[in-house]
Amino acid sequence: MNINLLRFLIAPIAIYISVVIINISKFDDVFFVAAIHAGFQLILIYGLLLLSKNRVYRLVVVLFLSMSVFIQLSYSTRLSVGTIMSVLGTSPSEAYSFITFNFYALIFCFIISLAVFFGPLLTINRWFAPLVFFVGLSYLYIPVVIDSFDDEDALQRQVYINSGVARGYPGWYAAMEYYMIDRAVWRMPSISTLRAMTDTYFLLEMQLDTSSKWEGVSALNADSQLLVLGIGESLRADNMGVYNYPRNTTPFLSKNENMLDIFPTVYSAGTNTYGSVPASLSISEPIPNLSLSIINLAKDAGFKTYWLSNQAKYSSWDFSVSTIAEQADYSDFPSNDEPGVETDEVLVDKLKQLLNDTKGEHKRLVILHFYGSHMTFSDRYPPSFAKFIGTAPVIDEYDNSVLYSDFINQEITEMVVQQKGRYMFFSDHGLGDPDGAMPLRHDLREKVALSSLKVPLFTTKPNQLNLKKEDMISLFYFECIFSQWAEVDAKQLNDKEYCKNALNQKVVTYIDSNLNVKIKERKDFLN
Ligand SMILES: [Zn+2]
């Protein structure tokens, strides 16, 4: 074949490879059908490229495509607010470990981008470009139009539009997003990029005023109180000895099961810090309303509030966790913008000092935000905790970080009990099952595995909690657990029996990486 004609294959082949990667889950089913879908998507993207010779326009199309490929390779999912925040909400050192971890994926996407950007395009006659584009567009939208006459679709559409309006969009916009993006995304996964970007923009714009909106706050306990709440990082219940993991990664918790209340069936509010922590610490409607945070609640009930964190203070993208932290009367981020330069021991020291300095205060709430088992796992513990060896290195290192977190929890529990305070600990989310599709990684897929949500929750006794051991707990409603534990109440917690319903559920409620609230039975999760 003529070498000049072969040049015209460069761009289509690169696009086809990209599209196959983006659609990789479809290839699990019927290979032949998936290959045809990929073919039509190639036609659509090629048609888009043909529409204009403008270099900037072409660059935008190329970036959309390669970004989708990269997110698929690094997170096995489509782009969403959650993935954007995860990529951008990292400190320089985290970014470095992320890049080295995904080095080959980055190189690969770069090569694909070059091929699509510089590959010559076929121009046969003036009808060719519109024709190719029209065929691609028909593939995308004819099924959407047909489905829109379906009754079942009407219900789904209403649910989608309602949730869009609840996110703060006008109805017409939510409807347009439904047809143009949500319904079409199966046939063109890269299109979700658009929604991810509008959601991100919208989120960064909103909630400038987060002063307390709690009403009718009452403190049921007039006595002096010390409450310490620990929030763990990426700690999977299934890798903890006390939750039946074969390795004894939690010697402290396992030995003191009788002195503590350890809850066996607890699910996190999300699968990444960004989504999960705000959803746990405030009422979500469905986006976390930071005005209705537990910090504001405690302050209104007469507590002095303190936030000690071993995570990054800013990145501006991390703003909703930082926003809650800043509501506290006092906050301290000893690691500043380089989380992980210190182990979590730094928070033990800070707490000891704080409890000394504030001894005379009547009511104190201290929140400790650990760096726990954040990747890179081997950096999370001192060498003396490198106890587990022999399985895959990454699992060994993860388990060592769990062991270290158990030790930190022991130190804090002993310190708080000695001061006659209460300590409670939960983890912000788990990670994927080591044997599963997202081994020890953030599970930001649209359909998450239940084990990614399964996290520890324990308290010292007595804890004032009106929970039974067999209860299924969704930390999405943590504000309700907090109100029992801290013995504070407010109107919003009782409106329409909010907390009564929240703590008595047979389903798991969490916020997914698109910030949609999902309510599911356990059997409906991926394994
Ligand atoms: Zn996290």
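How far apart do the C-alpha centres of domain 1 and domain 2 lie? They lie 37 Å apart. Before we go on, note that this is a predicted model: local features need pLDDT of at least 70, side-chain atom pairs count only at pLDDT 80 or more, and totals for chains, interfaces and linings use all residues. Residue numbers start from 1 along each chain, as its sequence is written. The domain assignment gives domain 1 as 3–148 + 183–205 and domain 2 as 225–524; such bounds come from an automatic or database domain assignment.

Let's begin with some helices. Helices here are DSSP runs of H or I with at least four residues, strands are E runs of at least two, and both are numbered from the N terminus. Two packed helices are described by the angle between their axes and the distance between the axes. Take helix α3 (residues 31–51) and helix α8 (residues 128–147): they pack at an angle of about 140°, with axes 7 Å apart. (Axes are lines fitted to C-alpha atoms, for helices over the stretch in contact, and angles run from 0 to 180 degrees between N-to-C directions.) That angle makes α3 oblique to α8, given that under 35 degrees counts as roughly parallel, over 145 as roughly antiparallel, 65 to 115 as roughly perpendicular and the rest as oblique. The crossing of α3 and α8 is left-handed, meaning the near helix is turned anticlockwise from the far one by less than a right angle; clockwise would be right-handed. Among the residues making the contact are Phe40, Ile43 and Leu44 of α3, along with Val132, Phe133 and Gly136 of α8. Contact means that C-beta atoms, placed from the backbone, lie within 7 Å. The contact residues of α3 and α8 divide into 14 nonpolar, two polar and no charged. (Ala, Val, Leu, Ile, Met, Phe, Trp, Tyr, Cys and Pro count as nonpolar, Asp, Glu, Lys and Arg as charged, and the others, Gly among them, as polar.)

Helix α3 also meets helix α2 (residues 10–22), their axes coming within 9 Å and crossing at roughly 130°. The two are therefore oblique to each other, and their crossing is right-handed. Here Pro12, Ile15, Tyr16, Val19 and Val20 in α2 meet Ala38, Gln41, Leu42, Ile45 and Tyr46 in α3. That set splits into nine nonpolar, one polar and no charged.

Now for the strands. Seven of them form an open sheet with mixed pairing, in the order β3-β11-β10-β2-β9-β7-β8; strands count as paired if DSSP finds at least two bridges between them. β3 (260–263) and β8 (330–332) stand at the edges with a single partner strand each, so one side of each is left without a neighbour in the sheet. The twist averages 10° from one strand to the next. Within the sheet, β2 (residues 225–232) and β9 (residues 363–369) pair in the parallel sense over seven bridges, and Leu227 stands opposite Leu365 in β9. Helix α17 (residues 393–418) lies across β2, β10 (422–427) and β11 (457–460), running at about 175° to β2.

Elsewhere, β14 (residues 508–511) and β15 (residues 517–520) pair in the antiparallel sense over four bridges. They form a hairpin with five residues between them, and Leu515 in the turn has a positive phi of about 60°.

Most residues other than glycine have a negative phi, and most peptide bonds are trans. Asn244, in the loop between β2 and α12 (251–255), has a positive phi of about 75°. The Met375 to Thr376 peptide bond is cis, with omega near 5°, and Thr376 lies in the loop between β9 and α17.

Definitions and conventions:
Two residues are in contact if their C-beta atoms, placed from the backbone, lie within 7 Å.
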